[in-house]
Amino acid sequence: MDVFEAIRKRKAVRTYTDTPVSDEVLDKVLRAALSAPTGSGSQAWGLLVVRDEAKRREIADLIIAGGAKYFAAMRPMRDATPEEHEAQCIEYAEQILPTYRIAPVWVLGLLVPRNNYPEAMAEGGYVDDLLSVAFAMENLFVAARAAGLGTVPTSAFQRFEKDRLRQIVGLPDDVDPVLVTPLGYPES
C-alpha cells in the first residue's frame, strides 16, 4: 500500500486478533516512527514496545478501565443514578474494547525530558517535545496501516492512571506515557 492510501485508510482499530506481529514487520513500523521529525533535534521522546503477555493484559485492563471513566465524563446521562451511569460506562468499555487484552503488541509513545531548553524557552520546548512524540506516533500509525496492522491512539484513557501505567512497564516518574496504542491485526 502506498503512503497516500495508508494515510487515507488509517482508522482507529478497536478490535484485534491475537495473531503475532513478526519481528520483521514490527521493526519496519518502528523504524518509520523513528524517522519522524523532532523539535530542536533533541529526541526527547522514546517508544516502548510491550510484548510480554501479562504486561499487555495489565495495560489493556488499565486502558479499558480508563475508557469507562472517559465515557462517564464525556457522556453524561440524565435519567440514571451515578452508580447506574458508572456501571453502564464500564459495560460499554468492556463491550467495545475487550480485544485490547489479546492485541499482541502495545507501543507507548513516551515524553522523555531532556531539559535542554533555556528557562525562557522551557514551555515552548515542552510543546515541541510533545509534538515530536505525536509525529513519531503518527508515522507509526501510518506505517502500521500500510503493513496491514491496526492501531488506535489513546491519550485520555491512561491519563487517569499514569502512575499505574509507569509501574506496569517500569518507567521513572519523569517519563510521561503520552500516547499508547495496541498494535496488531484487525478482526475484520
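**Entry 1. Alanine 103**

Buried here means under 20% relative accessible area, exposed over 50%, and partly exposed in between (1.4 Å probe, protein chains only). This is a predicted model, where local features need pLDDT of at least 70 and side-chain atom pairs count only at pLDDT 80 or more, while totals for chains, interfaces and linings use all residues. Residues are numbered from 1 along each chain as its sequence is written, and side-chain values use heavy atoms, with hydrogens and water left out.

Alanine 103 sits in the loop between helix 4 and strand 2. I take helices (H or I, at least four residues) and strands (E, at least two) as DSSP runs, numbered from the N terminus. Not counting residues up to four places away in sequence, alanine 103 touches Tyr16, Thr17, Arg56 and Pro182; contact means heavy atoms within 4.5 Å. I also looked up its C-alpha separation from phenylalanine 141, 38 residues apart along the chain, and noted 15 Å.

**Entry 2. Nonpolar cores**

Next I went through the cores. A nonpolar core is a set of buried Ala, Val, Leu, Ile, Met, Phe, Trp, Tyr and Cys residues joined through side-chain atoms within 4.5 Å. The largest has 26 residues, and Ile59, Tyr100, Trp106, Leu108, Val169 and Val180 touch the most other members. At least two residues of this core come from each of helix 3 (53–74), helix 4 (82–96), strand 2 (105–111) and helix 7 (162–169). Helix 3 gives the most, with seven residues. I noted another core lying apart from it, of 21 residues, among them Val21, Met137, Ala143 and Leu179.

**Entry 3. Helix 3 against helix 4**

I then took the helix pairs. The axes of helix 3 and helix 4 come within 8 Å and cross at roughly 130 degrees. That makes helix 3 oblique to helix 4. Axes are lines fitted to C-alpha atoms, for helices over the stretch in contact, and angles run from 0 to 180 degrees between N-to-C directions. Angles under 35 degrees count as roughly parallel, over 145 as roughly antiparallel, 65 to 115 as roughly perpendicular and the rest as oblique.

On the helix 3 side I listed Ile64, Gly67, Ala68, Phe71 and Ala72, which meet His85, Cys89, Ile90, Tyr92, Ala93, Glu94 and Ile96 in helix 4. By class, this contact has nine nonpolar, two polar and one charged residues. Ala, Val, Leu, Ile, Met, Phe, Trp, Tyr, Cys and Pro count as nonpolar, Asp, Glu, Lys and Arg as charged, and the others, Gly among them, as polar.

**Entry 4. Helix 3 against helix 7**

For helix 3 and helix 7 I noted axes within 10 Å, crossing at roughly 175 degrees. That makes helix 3 roughly antiparallel to helix 7. Lys55, Glu58, Ile59 and Leu62 in helix 3 meet Arg164, Leu165, Ile168 and Val169 in helix 7. The classes here are five nonpolar, no polar and three charged residues.

I looked up leucine 165, which is in helix 7. Leucine 165 counts as buried, at 0% relative accessibility. Leucine 165 and leucine 62 are 103 residues apart in sequence but 7.5 Å apart in space, C-alpha to C-alpha.

Lysine 162 is also in helix 7. Leaving aside its neighbours within four places in sequence, I found lysine 162 in contact with Asp176, Pro177 and Val178.

Last, I checked arginine 159, placed in helix 6 (residues 156–159). Arginine 159 counts as exposed, at 54% relative accessibility. From its C-alpha atom to that of glycine 39, 120 residues apart along the chain, I noted 23 Å.
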